[in-house]
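User: I am new to this structure and would like to understand the terms used to describe it. Please set each value against its definition.

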Amino acid sequence: MSRKAILEALSAAEGFLSGEDLSRRLGISRSAIWKHIVALRQEGYAIDAHTRLGYKLRSRSAYLLPEEVEPLLKTKRFGRHYHFYASLPSTNRTAKELARQGAPEGTVVLAEEQTEGRGRLGRGWYSPPGLGIYFTMILRPTVPLGLAPQVTLLTSVAVCKALETVAGVQPQIKWPNDVLLNGKKFCGTLTELNAEMEAVNYLVVGTGINVNQSAGDFPDAVAAVATSVHATTGEKVDRARLLAAVLYFFEADYDYWLASGFDRLRAEWLERAAGMGTTVRVIAGQQEWVGKAEDIDSDGALLVRDSGGKLRRLISGEVSLRPEGGQGYDFGR
Ligand code: ATP
């Protein structure tokens with residue numbers, strides 16, 4: 001608490017604030033103040049210390065610390081319980097533990113890096129420190145099990161809206177969970193479910209967004225398919241602002257979905273869909289076939305017409321799509 005109070009006092013001060021002044025205001029010793037200053041510096045705050053004048057905040061931390069994110073939130077619930085970690089194996093894993101312990105809906109778990117970040121089907125999600133946003137939201141929707149995958153689609157729409165607002169770009173969504181800029185992936189979502197009988201107990205929705213990576217920052221394994229906001233626009237993006245915007249749009253759409261269902265959101269998803277009306281290769285385990293992606297239905301399942309003319313319904317989770325005849329994820333916008 002004292003650390004937060006010191007930060008607030010330094011933020012409000014015009015110039016230097018003496019150690020004596022701070023210690024009087026907060027009722028703690030000058031050496032305790034110094035320990036907090038050292039800790040704040042480790043968290044990325046640039047604080048000048050001068051023997052006679054005291055302390056001055058030169059610049060704020062670029063980390064997605066609660067102190068940096070909270071003032072930007074426009075939500076009621078999402079991000080109001082916020083767990084920040086410098087590094088985690090996987091934000092979904094920690095979120096599941098917190099959800100098991102009863103963490104409320106809207107809880108956010110965020111890590112500056114993930115060492116074992118995961119995508120769907122056991123794949124990895126490359127999550128280098130400081131450049132992206134890696135976070136998981138805990139949800140407790142009272143909906144039938146079958147509707148849970150729609151949350152992944154809602155998340156993709158919220159990421160698009162946030163990018164449209166904060167970075168002025170128009171991303172596209174590749175069913176079910178990837179968000180693309182110029183045909184390359186900069187965001188993926190992994191939704192995991194805990195249910196009892198036919199009811200959802202909780203969902204954890206983990207999203208990784210490549211924000212400030214340069215094109216050369218991606219490892220060879222993903223370089224051909226991956227991009228970031230910065231690599232697309234040439235601009236650096238304020239990650240805290242972007243995160244706050246994603247949470248804002250998600251909360252609004254999620255509450256709408258709980259109250260009124262998927263219809264409007266389906267339309268908003270389709271407005272941003274990549275590859276609709278194009279020929280795609282469907283990969284489901286050992287099986288592969290080619291068809292035309294036509295639509296998503298009222299549940300969010302993808303409808304693909306196979307070569308025999310039959311419309312087949314694909315449920316997210318077990319299926320990957322590739323543009324047939326194209327390269328990488330390029331749906332040729
Ligand atoms: P697809 O359906 O295209 O096969 P997916 O949607 O199942 O992929 P995800 O689970 O979203 O894939 O993400 C994992 C895959 O994304 C990895 O196999 C890798 O190719 C790619 N990838 C990993 N890290 C990143 C990253 N930071 N940015 C973009 N792509 C990445």
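User: What is the strand order of the open sheet of seven strands, and which pairing does the sheet have?

Analyst: This is a predicted model, in which local features need pLDDT of at least 70, side-chain atom pairs count only at pLDDT 80 or more, and totals for chains, interfaces and linings use all residues. Residues are numbered from 1 along each chain as its sequence is written, and side-chain values use heavy atoms, with hydrogens and water left out. The order of the seven strands is β3-β4-β5-β9-β8-β7-β6, and the pairing is mixed. Strands here are DSSP runs (E, at least two residues), and helices are runs of H or I of at least four residues, both numbered from the N terminus.

User: Why are β3 and β6 called edge strands?

Analyst: β3 (82-88) and β6 (172-174) are edge strands because each pairs on one side only, where pairing requires that DSSP finds at least two bridges between two strands.

User: What makes β7 and β8 a pair?

Analyst: Four bridges join β7 (residues 178-181) to β8, and the definition asks for at least two; the two therefore count as paired. They run antiparallel, and L181 stands opposite K184 in β8.

User: Which strands form the sheet of five, and which are its edges?

Analyst: The open sheet of five strands has the order β13-β12-β11-β10-β14, with antiparallel pairing. Its edge strands are β13 (311-314) and β14, each pairing on one side only. β12 (residues 302-306) and β13 share four bridges, and L303 stands opposite R313 in β13.

User: Where do the domain bounds lie, and where do they come from?

Analyst: Domain 1 covers 2-59, domain 2 covers 66-271 and domain 3 covers 279-323; the bounds come from an automatic or database domain assignment. The C-alpha centres of domain 1 and domain 3 lie 58 Å apart.

User: What makes the largest pocket a pocket, and how many residues line it?

Analyst: On a 1 Å grid over the protein atoms alone, a pocket is an open set of points where a 1.4 Å probe fits, with protein on both sides within 12 Å along at least five of seven lines; a lining residue has an atom within 4 Å of a point. By that rule 34 residues line the largest pocket, and G119, R123, G124, W125 and K185 lie nearest its centre. Domain 2 and domain 3 each contribute at least three residues to the lining.
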